[in-house]
Every structure is written in C-alpha cells, then in structure tokens.
Amino acid sequence: MSRFRPGSSNSGASSTMPTTSEAGSEVAWTSEMLSGLAYCDAGFTSPACRVGRTAIWSETAVGGRSARHLVFRLLPSQLALLATNTNQSEAAQHGVYLYMCPLSTAKDTLDASGTAAIAPEFPDGCTVSSAKGDISRTFISTSSMELPIDITDMINWSHNMVHMIQVSYQSNDAWVATVMMATRQTVTSAQASIVGSNRISAQTVLEQMFNSADAVDEDEDEDAIEAGACLTMRCPLGLSRIRTPVRSLRCTHPQCFDLENFLELNSQMQTWECPVCSLAIGSWKDLLVDEFFQQILDSVLEDENSVTVCPDGT
C-alpha cells in the first residue's frame with residue numbers, strides 16, 4: 001500500500017527557486033529555497049511554525065552512518081506557548097518536533113505547485129540525541145504512515161538558549177530536516193473536535209451511496225443498487241457496537257467504524273489505516289461523523305447487528 005501523501009496547505013513557496021545554468025546543470029538548493037516547504041498533519045500532530053532554518057544534508061558515506069546537527073533557538077513567544085501546556089491528560093499539547101523528508105520529495109513538491117504539504121519521512125535507523133538523552137526512530141514500512149519525532153523533552157526552557165540536536169542515520173539519499181512547533185491532540189480532544197465540526201450529512205451520504213457515477217457499472221451494479229447496501233452496526237475494531245460512526249473523507253464505502261475505538265488504537269499503535277478498506281488516513285482531521293449511519297444506530301435495537309439500506313434511504 002502506498003504511503004499517505006500530500007494534502008493542501010496555505011503555506012506559499014519561496015519566491016527564490018533554483019534555476020538551471022546555461023550548461024543545463026541544476027543550481028544547488030539552499031535552505032532559503034525551501035522556506036516555503038510545508039508538512040501536512042500526521043496522526044494526532046499538526047505542524048504550526050518553523051523553528052530556525054531548514055537544513056539540507058547530503059547522502060551518507062557508503063556503508064557508514066553520519067551524525068548531522070541542527071542548531072536552533074526558541075523565540076519567547078514559542079516558549080510561552082509551551083508554557084501553556086497543562087497536566088490535564090485530556091487537553092491538546094504544544095510541543096517541539098523534528099520533521100524530515102528526502103530532498104528529492106521536497107524539490108518535486110515545490111517544483112510542481114509550491115503549495116502542497118508533504119508527509120514527514122525519516123531515513124532507516126534514525127536516532128535523535130542531545131545532552132538530555134536520545135530517541136531512536138526505527139524504520140516504518142511504506143504501508144504505514146510516519147510521524148514527526150517529539151523532541152520537546154530535549155528542550156531547555158531558558159530564554160535565549162541555543163539548542164543543538166544530533167541526528168544519526170545511514171542513507172544513500174539527501175535529506176531535509178526542520179524543527180517545528182506543533183500541536184498534538186489527545187484522544188479526548190480529537191474526539192471532541194471531530195464530533196463538534198467534522199460531519200457529513202445524511203443526505204450527502206445517501207447521494208454517495210446510490211447516485212455516484214462511480215457506483216453504477218451497467219446492469220451488474222444497477223442490480224446491486226436495487227438490492228441496497230448492507231451495513232453492520234458493529235465496529236471492525238473489537239466488534240463492539242458502534243457508538244460514534246466515522247469514516248475517512250477519502251473512503252468511498254458506506255460502512256463506518258467507531259471513533260473512540262479508532263483513536264484509542266492509534267494512540268498506541270499509530271497505524272492510521274481504515275479498518276474497513278485499509279486506506280491510509282492522514283490524520284484525525286480526515287475523520288467525519290456519518291450522520292446517516294448515526295440515524296440508523298439511533299433507530300434500531302441494541303441487539304440489531306446489521307441493516308440493509310434501500311436506495312430511498314429506508
């Protein structure tokens with residue numbers, strides 16, 4: 001399965017873009033040329049602003065590991081933002097995170113549009129360390145999403161303090177590295193936000209189920225539409241009854257899963273895949289409460305395990 005890739009972003013690209021010389025060779029990219037690079041939401045984490053400069057690291061020596069360094073200083077406003085964190089386990093928390101991606105991905109993204117956000121990605125066996133300890137990042141296969149590395153505990157809270165982290169890895173590719181302020185949701189805060197604002201209406205769901213051009217393929221699919229859609233009231237995660245029905249905005253199937261079950265699972269395993277179709281889900285913001293499915297749940301008995309929905313919505 002392919003890795004989750006770019007969503008849209010409001011961050012603009014730098015006006016200074018690399019050009020080619022008369023001989024046709026590409027001018028080397030610099031940190032300033034990557035100032036417009038933006039990362040998309042990943043899992044529970046949403047990037048907010050860059051801390052310091054973006055670094056470009058060349059490939060490591062064949063068969064060896066290299067240690068690269070990032071030096072940065074937090075602004076007073078950023079330190080103040082960290083100070084607003086509470087000890088309440090249910091509240092979203094601000095933090096400092098390391099984001100990386102291959103230089104080739106960054107170049108392709110900025111060359112193509114200059115406005116797309118990319119998913120964080122890390123080289124094999126990436127290790128981040130500082131004077132306060134180290135964090136090892138094991139390789140995650142391309143069937144799963146990679147998440148930014150939380151380095152908040154490596155931060156000294158003194159004003160005007162210069163921080164330095166060391167990133168060790170082995171790779172045949174060049175990489176881009178950026179330290180960013182980001183906000184990480186908890187299960188409770190993400191659930192409240194989704195229920196409060198991320199919803200898809202019952203009418204829209206019905207139109208997607210029975211009126212989509214993609215759903216009709218001559219006589220065979222027309223017969224299937226006449227037969228209706230069979231929905232299970234039990235979540236594929238744990239098989240308990242669905243309480244808050246959700247699905248990804250990219251999913252095309254009508255079957256839902258339980259919001260809390262999904263968030264709890266991903267707070268521990270961080271797979272971020274649809275339990276119905278295995279499609280990669282970018283972040284908690286991609287989940288929508290299905291109001292039509294909720295109507296069904298509210299109208300059937302607790303011991304009802306499945307429901308067939310007719311094209312007229314009955």
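Me: Where in the structure is the place of Ile-281?

Reply: Ile-281 belongs to the loop between α6 and β15. Those names follow DSSP runs, numbered from the N terminus: helices are H or I over at least four residues, strands are E over at least two. Please keep in mind that this is a predicted model, where local features need pLDDT of at least 70, side-chain atom pairs count only at pLDDT 80 or more, and totals for chains, interfaces and linings use all residues. Residues are numbered from 1 along each chain as its sequence is written, and side-chain values use heavy atoms, with hydrogens and water left out.

Me: How do you know whether Ile-281 is buried or exposed?

Reply: By its relative accessible area: buried means under 20%, exposed over 50%, and partly exposed in between (1.4 Å probe, protein chains only). Ile-281 has 0%, so it is buried.

Me: Why is strand β10 called largely enclosed?

Reply: Of its 10 residues (175-184), 9 are buried, so the rest of the structure largely encloses β10.

Me: What makes β2 and β10 a pair of strands?

Reply: Two strands pair if DSSP finds at least two bridges between them. Strand β2 (residues 45-57) has 9 bridges with β10, in the antiparallel sense, so the pair meets that rule. One place to look is Ser-46, which stands opposite Thr-183 in β10. Strand β4 (residues 93-102) also runs antiparallel to β10, joined to it by 10 bridges. There, Leu-98 has Val-179 of β10 as its bridge partner.

Me: What makes Asp-290 and Arg-247 a salt bridge?

Reply: The rule asks for a side-chain nitrogen of Lys or Arg within 4 Å of a carboxyl oxygen of Asp or Glu. For Asp-290 and Arg-247 the N to O distance is 3.2 Å, so the pair qualifies. It links distant parts of the chain, with Asp-290 in β15 (residues 287-290) and Arg-247 in β13, 43 residues apart. Asp-290 is at 1% relative accessibility, so it is buried. Arg-247 is at 5%, so it is buried as well.

Me: How many salt bridges does this rule give?

Reply: The count comes to 7. Among them is Glu-260 with Arg-243, whose closest N and O atoms are 3.7 Å apart. Glu-260 is in helix α6 (residues 259-268) and Arg-243 in the loop between β12 (229-232) and β13, 17 residues apart.

Me: Why are Glu-260 and Arg-243 described as they are for accessibility?

Reply: Glu-260 is at 29% relative accessibility, so it counts as partly exposed. Arg-243 has 47%, so it too is partly exposed.

Me: What makes Asp-286 and Arg-250 a tie between parts of the chain?

Reply: Their closest N and O atoms are 2.7 Å apart, in a salt bridge. Asp-286 lies in the loop between α6 and β15, and Arg-250 in the loop between β13 and β14, so the pair ties together parts 36 residues apart in sequence. Asp-286 has a relative accessible area of 11% and is therefore buried, whereas Arg-250, at 34%, is partly exposed. Salt bridges with shared partners also join Arg-243, Asp-258 and Glu-260 into one network.
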